[in-house]
Structures are given as C-alpha cells and as structure tokens.
Amino acid sequence: MRSPVRYGLSVATLSTLVGGVLLPPVPPVAAATPSAWTATIPALIHDSRLTDVAATGPNNAWSVGYQASTYTGYSIDQPYALLRWNGQTWTERRLPHEAHVLYKVDAAAARDVWTVGVRRLGQPYAGHFNGETWTAHAPWTAPAGTSDLLDVAATGGGRAVFVGHDGGRPLVVEGDTRGFGRVAVPGTDGLNGVLRAVSRTQDGGVFAAGERYVADAPYPEPMIAQRVGGSWRVASLPPIPSARLTGVWARSSTDAWAVGTQDYDSTPKPVILHWDGRTWQRVAGPASAGWVYAVAGDANGNVWISGTNPIPPYIEYPGTLLLRYTGGRWSVAYGPKVEGNDPSIDALANIPGTSAFWGSGAASTDGFRLAGVIERTR
C-alpha cells in the first residue's frame, strides 16, 4: 500500500474563534466518565489495523483493514483483513479473488455488502457480498498509483457510491454490480483535492467529505460534495484553514455530521460540522484540542465521534477520545486501554435497530507491535 501522504487513506497517524468566524458557545459538558466501551483484539497477524466496521444488525457486522505489515511492505501475499461478526464472535474470512488491502466497508443489508481497497499493483479494488459469495469489481480503472477509491456507501439493490481521487482531483463513482461510471460534480472541475469519506441516507442523500487545495496553499481546507434532492454540488462551508475532514455520517438529507482536524500536523484542534438541511455550521464540541477521525449516529439522536485528545504539549494521551452528543448535550468518554495502551479508533458504526455502536482501529501491543482492535459500547 502506498504511503498515505497527500491523497492516500487517512488513518489516525495523521477554541471559539477560527479564521475570523465566531463559533457557537459550547453546550454544558458532562465530566469524563468511565469507559462505556469494551475492546477486543481479533486473531490477526501483527502488525494489523482495522480501518472500518459496518453492521446490519446485532448478529451481523463486518470489519476490514490489513495485517502482516512490515517496515518494507507485508509478509504475506494478500495482507487484507476481513472479519465477520455472527452475534458471538469475530472470525476471519478470505476472498475468492485477489485483493491486497481493504480500506472501508458498508452494508445496505445482510445480503448487500460492499468493501473497497487496493489491488497488489495499486489499482482500485471493490468487492460485493450477496449473502453467499464475494465478487470482485473494478469501479474505476486507471494506471497504478494514479487514483484511489477510499470509501464506499452501499445504497441498496447492489448499488454503491465510491469516493476518492483521480490524479489529485476529487472522484465520485456510482453504479452497481453490472457497471460503474464517474459522477460529474459541478464545482470540482480543475479542483485539487480528495474525498475521504462518504455516507448515504434512507431518503437518497449522499454526503462525501475530504479536503481541497486552493491555489498554491501548502495546507488544505475542508470540502464536502453532497447529493440532496437528486443533484450533486460542492457545499458552502465555514472558512477553516489548514484542515481536512476524515469522517461523515448522515441521518437524513436534513441532518448530517462531518468531522476532521485543523492544524493536524502541529497543534491539532477538532473540526465538527453539522448540516441542518440548509447550511453547514461549525459546532464547538467539548474538546478544544486533539485529532478527530470518525463520526456515527443512530435513529434516536445519539452521535458518537472518535479521536485522540492529547494533553499539551501533545505527548500524553489519557485514552481514546470518544465524544457523545445526545439531547442537545455533549459528554466526553475515554475508551478502554489495551495492554496498557490507548487504541486509536479510525471508524464507528451504529448497530441498526439499537443505540449500540461498533468501533475499529488499532493499539500497540507486545511492545511496539500494532494489533487491530474492535470496540463496542456496553
């Protein structure tokens, strides 16, 4: 897998006045409470990381990522990680075709699951599960090393929306198991940037988040491309310099969240944006410092955000940062330690029909070895 520098897969290794825009006042915040999450280390080859998780119900979920990573590459030919939850245990599954590393996974139903990643030589890869078998697909073809598909939203009926970049330009691809085509998003022609995350809604909305580079600026600014009411467009966002978005989740076409980090390579500050059906507004959350990676919510109004909240001078980590928004109130929870270390949670997913959530990422174990981690609310 190529090094995630400017346009690659975003992973975790990556207060009221920002850019002249006054943020809303911070709502009352409850004190940090003992972790409401538990952690599990599935049986994978070190070094491993689980970069995404998706569920269709309490007894069916998928998690993807990679394993057997080394300083020079990977120690096995197909180092992807593909795990399935059956209600009791996580078990590894293998694909009947070539795949190298898996980035993301999404499921519209138990018999309609998509994953996206990269083939051994660097071409984009996608796989679809129909409840019985996995089939391989190539939603976007390009010379190796020039394009990436970084996330997928399963939209039902075997259809999906993929996002990423093509030669450093934002890329949206849509189709089904029979074929795919590039989506023309007005406002992205000639734009340098990448879309890192995508989420779909039951009413047909799609929201894709990432970053774009304006002129010759050395650092990006947030970008969201969205399909609301059947038409794609680039959303108008509050000005936030030196920031990128790495997570997005939408409850409906009038209620969506996007998260990321400002000044991500120096003094990181969380970026939380909310869409109310008319405008995107920056929300002042309960953490004034730290990196933010993922966001997910449920049908009951709960929203969880994962990240890392370092204590200045940004070398102490009190645990995996988990922010919860419910009933108009923010609270802070720190995730459980794994072998004395703090996992980094790259992805979150609601378990449909419940207010429970999955999280996936990695933690240091056995000294400096990295192990894939799956967390769940109690």
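I shall speak about a sheet, a pocket and the nonpolar cores, in that order.

Please keep in mind that this is a predicted model.

I begin with the sheet. Four strands form an open sheet with antiparallel pairing, in the order E19-E20-E21-E22. Strand E19, residues 192-200, and strand E22, residues 231-234, each have a single partner strand, so one side of each is left without a neighbour in the sheet. On average, and ignoring direction, neighbouring strands here are turned by 20 degrees against each other. Strand E21, residues 221-228, pairs with E22 in the antiparallel sense over 4 bridges. Within this region, Gln 226 has Arg 233 of E22 as its bridge partner.

I turn now to the largest pocket, which holds about 880 Å³ of space. Which residues lie nearest its centre? They are Asp 106, Ser 199, Arg 200, Trp 249 and Asn 350, out of 42 residues in the lining. Several strands each supply at least two lining residues, among them E5, E11, E19 and E23. By class, the lining comprises 23 nonpolar, 11 polar and 8 charged residues.

Finally, the cores. The largest nonpolar core has 16 residues, and those with the most contacts inside it include Phe 207, Ile 224 and Trp 280. Strands E20, E23, E24 and E25 each give two or more residues to this core, and E23 provides the largest share, 4 residues. A second, separate core has 15 residues, including Ala 153, Val 163, Leu 195 and Ala 225.

Thank you for your attention.

Key
Residues numbered from 1 in each chain as written. Predicted model: local features only at pLDDT ≥ 70, side-chain atom pairs only at ≥ 80, totals over all residues. Heavy atoms only, no water. Pairing = 2+ DSSP bridges. Axes fitted to C-alpha atoms, helices over the stretch in contact; angles between N-to-C directions. 1 Å grid on protein atoms, 1.4 Å probe; cavity = no way out; pocket = protein on both sides within 12 Å on 5 of 7 lines; lining within 4 Å. Points joined across faces, edges and corners; volume = space filled by probe spheres on them. Nonpolar A, V, L, I, M, F, W, Y, C, P; charged D, E, K, R; others polar. Core = buried A, V, L, I, M, F, W, Y, C linked by side-chain atoms within 4.5 Å. Buried < 20%, exposed > 50% of the residue type's maximum accessible area, 1.4 Å probe, protein only.
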